[in-house]
Amino acid sequence: HVTCCLWGAKDPQTNILYIYSEYYFKGHQTAQIHALNIKARGERIPGICDPSGGGRQDDGRLLADLFRQHGLDLTLGDNSIVGISRNCNMFENGTLKIFTTCENTKLEYRLYRWDTKDPTKIAPNQPDHAMDCIKYKTSMFDYVAKPEIDFDRFEQRSTHRNYDPLTGY
């Protein structure tokens, strides 16, 4: 069992999506512990999750619902085969990049293969948790990752020279 979460940021000028950090846990742990570890990177960062909800738990609840219950802000991603092609295109044209610090994600990327019997599917029995995370992230990133602007603060600081309303500097 693997629980994987990736953090990404898009450069608005180049439109490059950078996967810059990962939480990759092999083994069993409670949803609460996973949520605490994920929130440690930033409580206000919204997320995109497996549209199947991460599967049903022993009590019948979806893992995504348990994560939400523990304070994660999650939107369901898209799990279609189109997402795999989209990611391939993004990697090829340089608009999707993975930081070298995301070791598990880089390993999965190197091992990711199409099924030789059915080229419309990914080969079975390969690690694909991080690749699935990327697929969900690229499906909904622009919808979820809207910068929040505090307009009251913007009004106060906008008179300062070189003020950027997105970064606050």
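Helices (H or I, at least four residues) and strands (E, at least two) are DSSP runs, numbered from the N terminus. With that in hand, the protein chain reads from the N terminus as β-β-α-β-α-β-α-β-α-α-α, giving six helices and five strands. The structure is a predicted model, in which local features need pLDDT of at least 70 and side-chain atom pairs count only at pLDDT 80 or more, while totals for chains, interfaces and linings use all residues. Residues are numbered from 1 along each chain as its sequence is written, and side-chain values use heavy atoms, with hydrogens and water left out.

Buried residues (under 20% relative accessible area, with exposed meaning over 50% and partly exposed in between, for a 1.4 Å probe and protein chains only) make up 35% of the 169 residues in the protein chain. The chain exposes about 10,900 Å² (by the Shrake-Rupley method with a 1.4 Å probe), and carbon and sulfur atoms supply 51% of that area. Contacts (heavy atoms within 4.5 Å) also tell a story: among those between residues at least 6 apart in sequence, 59% join residues at least 24 apart.

In soluble globular proteins, nonpolar side chains tend to be buried together. A nonpolar core is a set of buried Ala, Val, Leu, Ile, Met, Phe, Trp, Tyr and Cys residues joined through side-chain atoms within 4.5 Å. The largest such core here has 18 residues, of which Cys-4, Leu-6, Ile-19, Leu-96 and Ile-134 touch the most other members. Two or more residues each come from strand 1 (2–10), strand 2 (17–26), helix 3 (81–93), strand 5 (96–98) and helix 5 (129–144), and helix 5 gives the largest share, five residues. A second, separate core holds 13 residues, including Trp-7, Ala-35, Leu-66 and Phe-67. Beyond its neighbours within four places in sequence, Ile-19 has contacts that include Leu-6, Trp-7, Leu-96, Ile-134 and Lys-137.

Three salt bridges (a side-chain nitrogen of Lys or Arg within 4 Å of a carboxyl oxygen of Asp or Glu) are found in the whole structure. Asp-142 pairs with Lys-10, with the closest N and O atoms 2.8 Å apart. This pair links distant parts of the chain, helix 5 and strand 1, 132 residues apart. Asp-65 pairs with Arg-68 at 2.9 Å; these two are separated by about one helical turn because they are three residues apart in helix 2. Asp-132 and Lys-135 meet at 3.7 Å, N to O. Here both partners are covered: Asp-132 is buried at 18% relative accessible area, and Lys-135 is buried at 6%.
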